[in-house]
Amino acid sequence: MRKLAVSDEILLTIDKPARYIGNEYNMVVKNPKEVDVRFCMCFPDVYEIGMSHLGIQILYDMFNKREDVYCERVYSPWPDMDRAMREHKIPLFALESQDPVKAFDFLGITLQYEMCYTNILQILELSGIPFYATDRSEEDPIVIGGGPCAYNPEPIADFFDIFYIGEGETKYDELLDAYKEMKKNGASRREILEGLAQIEGIYVPQFYEVSYKDDGTIETFKAVNQYAPERIVRQAVTDVTNSSYPEKPLVPLMRVTQDRVVLEIQRGCIRGCRFCQAGMLYRPIRERDVNRLKELADKMLEATGQEEISLSSLSSSDYTDLKELVYYLIDECGSKGVNISLPSLRIDAFALDVMSKVQDIRKSSLTFAPEAGSQRMRNVINKGLTEEVILKGAMDAFRGGWNRVKLYFMLGLPTETEEDIEQIAVLSDRIAREYYTIPKDERNGKVQIVSSTSFFVPKPFTPFQWTRMATPEEFLQKQRFLKGKMKEQLNAKSIKYNWHEVELSALEGLLARGDRKLSKVIMDAYKDGCMFDSWSEYFVYEKWMRALENNHLDINFYTARERSYDEILPWDFIDIKVSKKFLEREYEQAKKAVVTPNCRQNCSGCGAAVFSGTKCGSGR
Amino acid sequence: MIKARIKFEKTGSMKFIGHLDVMRYFQKALKRAKIDVGYSEGFNPHQLMSFASPLGLGLTSCGEYLDLQLKSVTSSEDIVKRLNDVMSEELRVLDFKVLPEDAKTSMSILAACDYKITLRQGYHLWENFRQELDAFLGNDTILFTKKTKKSTKEVDLKQSLYEYKIDYEAEEFSLFMQVTSGSVFNVKPELYLQAFYESKGMEYSPFTFEIHRLEMYADTNAKKGEVNMNGSDKKRVLQPLSEFGETVS
């Protein structure tokens, strides 16, 4: 029988013990004594969220294909388990072997959103690993971070030994080989870090020093170790068809957020929406061959017994062979009782045909993400979706029997005016009006429009990285204004308006474009009890404000300040191979509300072509 | 559709997996094993399956039952093997039988369960515990106050205690019990221990004992909705749920 790290008494007292026992189907079992490198992969949020993440499944599978490596997993213990572990002095353990995390060679933490930063400190503390990289000894694992937030690692730089900048499939083999060799030769922690710093895409923060001007902006950012390169270049897969992909993904024992097989059809996006970080970070578009996808779908469904398969990409409609793939899946899955989930699909005739085949029209709703209400605003953000297209899609869907529509918008976009905000309400209403042009006997009851707004948070490596973010007060004013306008609409009763929490967005804005000075703020907030900040029931804004104040830092310096092009941004030392010149050009075009054609229409020379297979933009 | 019944065991760390998750586990395992399960109609078809009785979180068992409707069947041996090839070591299929066409679901015919109760590692009992418990269970009535959110109700647990035996030979404490189960009336075995501790004026700690379900029975002499507890006019004829069908070779 498997020995568990936690006693029955604790597991039967806390909520959802299945989070902590491992033993998922397709879990990899190895003898830790027979491997050279033990890697513990962490998603710093609760199990159900972490288990839904594709990136970890890819790396878990890829690492474990190596005989000399045993990759295990750990997730953030929920506050009830956190308390029990502290009370009974149970060190944080990996799910597979149930061994303490501290016994591993590496602790890899994926950084998917800024609001998980305090959870990183929880993971370190429960593991018994010193918070600061420079305090760690030979006994401690090497703490390595990766994922989208690693593209501005500065606010959490002090807590990490290494950041991996780029897609995991590219350099990890080299990194593991180098580590294994150095460990065998008895290298010290410092020697190992110096060795790894020489691998492309690897950033060792303690080998760099930052100095600041009186106004708080960066004066210099310099490498202070001879092995540390001045610039860190993003690593990206060029051939996604032949890159490693899990054919036997883990199947959780309990219900998780995304309880399905995930098929990543492509990486990158041709659209170039100016607010979208992923659209820049994962350039260029790289499509996975349709035959490989069919093979993967079959294998994964067979190996998991999952009842749903979901296509994953930033914009599925742009995948060249989408029709072929989707109709194949409908034929294959339908006969096997498997559902198909198709997020990020542009509503057109094909999408409606597919949706009518895979879901119950009466229960499902249509989703549009215009992101902005006015055409001017959509031009500013380069969202190539026109009102005409939205109305036509909605009308086709209404005629097909749908009567529920979800709309997603952002408030606080650069150059936004009240007129732009009002157009959110007007567009919502116009869709409802379209519905009522259908004769009564041909409609399916009343129309329901759900319009949601989130607050725009500027992100590094986007054309809006320099832009001023609105303050919470301004956001609230915009939201109240819109609420009022929604009520003025003819079909106000058919429109439901939802909005996001403003304080969470403010914090996200702070951390997204923060610098190294923020590490103390994160630490103080954590010490003050902040954890699971992305969970509204645990998020306490006041504690964060107190932590900022105690460190004499002003949130508006980081959020509500227009940066100049010559300012050294905290993430400037990272070269994502999308040039700063291109981002600058895009910001200027945005201010003029001029759209930039997508990658398939015309190459804009962003620089990411170095990672494309053959013809950049084609995806092939 | 062919009606069939699977008997399975749940051991080790799987005891931390709740009933709904066990159901989902089987849904996926049946797919992995390519068992030809029947589906319900509609946009979200689900496999036609039902469990005899949910096993509480923390309990282990070697006598769980799952009824299925299948479109085709190979052999019992093949189906057991195919399932076990794609299931956890701690969730094993023990038996597969095809039921008669008119068979009722195990959930509807369940009448009694066997349990084995042992002492959890690290816990201790007082010296004459076995004798005292034996005497308590031997009383003519075992009154127990069932507390729910809305009301408190006094019940006599003796009526639903069909058999019990304390093992005096074994070094460690071990109690066998057979109690009423099913959709009409269901008793949890720990109620007897709880009643015993309360009779001593002591607090019952739910972690002292480990509970293991051994077997489930139907009463072939009972009509639909009828429960023949102790003291009833009718004689109980208990038959394990696995004995209602045929092994297919």
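A crossing of two helices is right-handed if the near helix is turned clockwise from the far one by less than a right angle. Keep that in mind for the exercises below, which all use this predicted model.

**Exercise 1. Describe how H17(A) and H18(A) pack, from the angle and handedness to the residues in contact.**

Solution. Start with the geometry: the axes of H17(A) and H18(A) are 8 Å apart, and the packing angle is about 135°. Angles over 145 degrees would count as roughly antiparallel. The angle here makes H17(A) oblique to H18(A). Next comes the handedness: H17(A) and H18(A) form a right-handed crossing. Now list the residues. H17(A) contributes Leu518(A), Val521(A), Ile522(A), Asp524(A) and Ala525(A), while H18(A) brings Trp544(A), Ala547(A) and Leu548(A). Sorted by class, this contact has 7 nonpolar residues, 1 charged and no polar ones.

**Exercise 2. Work out the relative direction of H6(A) and H7(A), and list their contact residues.**

Solution. Helix H6 (residues 168-184) and helix H7 (residues 189-197) of chain A have axes 10 Å apart and pack at about 150°. That angle makes H6(A) roughly antiparallel to H7(A). H6(A) passes H7(A) in a right-handed crossing. From H6(A), the contact uses Leu175(A), Ala178(A), Tyr179(A) and Met182(A); from H7(A), it uses Glu191(A), Ile192(A), Gly195(A) and Leu196(A). The class count for this contact is 6 nonpolar, 1 polar and 1 charged.

**Exercise 3. Is Ser243(A) buried or exposed, and which polar partners does its side chain reach?**

Solution. First locate the residue: Ser243(A) sits in the loop between strand S9 (232-233) and strand S10 (261-264) of chain A. Its relative accessible area is 9%, so Ser243(A) is buried. Then follow the side chain of Ser243(A): it reaches the backbone oxygen of Val240(A) at 3.1 Å, and it makes a polar contact with the side chain of Arg288(A) at 3.3 Å. Finally, leaving out residues up to four places away in sequence, Ser243(A) touches Glu169(A), Val237(A) and Arg288(A).

Notes. Residues are numbered from 1 along each chain as its sequence is written. Chains are lettered from A and ligands numbered from 1 in the order in which they are written. This is a predicted model: local features need pLDDT of at least 70, side-chain atom pairs count only at pLDDT 80 or more; totals for chains, interfaces and linings use all residues. Side-chain values use heavy atoms; hydrogens and water are left out. Helices (H or I, at least four residues) and strands (E, at least two) are DSSP runs, numbered from the N terminus. Buried means under 20% relative accessible area, exposed over 50%, partly exposed in between (1.4 Å probe, protein chains only). A polar contact is a pair of N or O atoms within 3.5 Å; within protein, one must be able to donate a hydrogen and the other to accept it, and residues adjacent in sequence count only if both atoms are side-chain atoms. Contact means heavy atoms within 4.5 Å. Axes are lines fitted to C-alpha atoms, for helices over the stretch in contact, and angles run from 0 to 180 degrees between N-to-C directions. Angles under 35 degrees count as roughly parallel, over 145 as roughly antiparallel, 65 to 115 as roughly perpendicular and the rest as oblique. Ala, Val, Leu, Ile, Met, Phe, Trp, Tyr, Cys and Pro count as nonpolar, Asp, Glu, Lys and Arg as charged, and the others, Gly among them, as polar.
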